[in-house]
Each structure stands twice: as structure tokens, then as C-alpha cells.
Amino acid sequence: MDLDLIKKEIENWIFNYLDIPSAFYNGNKPCPFAAKAWKDKQVKVVMGDKATVRQQVYNWNDSYQLVIVIFDPVNWTNADYWAERYNERIQDKDLYVMVFEPGEEPDDPALNPEDYGQVVDYEYGMAIIQRLDELNKFSRFLESQDYYKNCSEDFMKYVNKRR
């Protein structure tokens, strides 16, 4: 896996999907905070696995708003399940790990890698680490904008459980 190419793909995803108003999100951007964080160099992207996630959590210092650990899904299976259990153990740190594994179906039918600028032709996962208080603050704001109107019941259970 080439970290520089993956970073380029993440940048494309941010500016060509996450920062574009979407009918699915009731006219809101899928993630209205991502572009600013990326432009302000508040996103750190590293390659690793669950040990890397633990290291990033242990050494967290708020110099970034978000740390993305890129992982090989062949070498780290069930990352989402691992993150659920790990999040229970780190509640006192006010950090949260959110995992995106290849093959997960997005709620938004408009999410298409070819449309936002896919760069690599192999699968990778992302473990995203951020402050839980900030994540929940932004989530509540978005909820007030009817952001979650079209989201699945399962996704809403996940959001409410996280809070």
C-alpha cells in the first residue's frame, strides 16, 4: 500500500464528496468539518494496525483534530468489532475510534469512489481517532439540521450509543 496515494484519495474524498452538499443529508455536506481540518493540516494519516491505533491514543496531544490509521483489511480483520470494545476501555480519555472497513455499504447511495476521485485500486481500511466530546458536539449540531433524516435505523443506533 502506498500511503501518499491513499492520502491523495482521502483528499479527493474530502473535497469531492464530504464537502459537497448532499440531498441524502438534507442539503448538508456529508462532513462539513473535514475540508477545514484537512486545509488547516489538522489531520494526520499514518499506516498501521490496532497497535498503531493504541499508540496514537496513548500519545494523543491535540496537535491534530483527527488521526487516520490506514490498515490492510487482510491483516486486520473485524476491526470494527475491535474498535467497539476498545472504545469502552478508553472512555476516560475522551477519545473515540471509528472504523471504516472495505465492503461496508454506505447509507448514501450517491457515494461512489469513481465520482470523487478514486486513486488506488486496492482495498484498505481506516481507523479514525478523534475527541469524543467534539464528535458528539458536531453530531448534535448536525442533528439540529436534519442531517440524519435519511440515515438507517442501525446507523442512528450507533450514533446514539456513541453519545
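**Exercise 1. Is Asp-62 buried, exposed or partly exposed?**

Solution. Asp-62 has 46% relative accessibility, so Asp-62 counts as partly exposed. The cut-offs are under 20% relative accessible area for buried and over 50% for exposed, with partly exposed in between, using a 1.4 Å probe and protein chains only. Next, the location: Asp-62 sits in the loop between helix 3 (50-58) and strand 2. Here helices (H or I, at least four residues) and strands (E, at least two) are DSSP runs, numbered from the N terminus. Last, the backbone: phi of Asp-62 is near 65°, a positive value in a residue other than glycine.

A quick note on the ground rules: this is a predicted model, where local features need pLDDT of at least 70 and side-chain atom pairs count only at pLDDT 80 or more, while totals for chains, interfaces and linings use all residues. Residues are numbered from 1 along each chain as its sequence is written, and side-chain values use heavy atoms, with hydrogens and water left out.

**Exercise 2. Find where Asp-94 lies and give its phi.**

Solution. Look in the loop between helix 4 and strand 3, and there is Asp-94. Its phi is positive, about 55°, although Asp-94 is not a glycine.

**Exercise 3. Work out the strand order of the sheet and pick out its edges.**

Solution. Start with the order: the four strands make an open sheet, 1-2-4-3, with mixed pairing. The edges are strand 1 (43-47) and strand 3 (95-100), each of which pairs on one side only. Two strands pair if DSSP finds at least two bridges between them. Going from one strand to the next, the twist averages 20°. Now zoom in on one pair: strand 3 runs antiparallel to strand 4 (residues 125-131), with six bridges. Within this part of the sheet, Val-99 stands opposite Ala-127 in strand 4.

**Exercise 4. Describe how helix 4 sits on the sheet, using Ala-83 and Asp-80.**

Solution. Helix 4 (residues 79-89) packs on the sheet and touches strand 2 (66-71) and strand 3. Its direction makes about 170° with that of strand 3; axes are lines fitted to C-alpha atoms, for helices over the stretch in contact, and angles run from 0 to 180 degrees between N-to-C directions.

Take Ala-83 of helix 4. Its relative accessibility is 1%, so Ala-83 is buried. Leaving aside residues up to four places away in sequence, Ala-83 touches Val-97 and Val-99, where contact means heavy atoms within 4.5 Å. Ala-83 and Val-99 are 16 residues apart in sequence, and their C-alpha atoms are 6.9 Å apart.

Then Asp-80, also found in helix 4. Asp-80 has a relative accessible area of 28% and is therefore partly exposed.

**Exercise 5. Check the whole chain against the globule rule.**

Solution. Count the elements: the protein chain has seven helices and four strands, in the pattern α-α-β-α-β-α-β-α-β-α-α along the sequence. For 163 residues, a compact globule would have a radius of gyration near 15 Å, and the chain has 15 Å, so the two agree. That radius is taken over C-alpha atoms, and the rule is 2.2 Å times the number of residues to the power 0.38. Along the principal axes, the C-alpha trace spans about 40 × 35 × 30 Å. Finally, 41% of the 163 residues count as buried.
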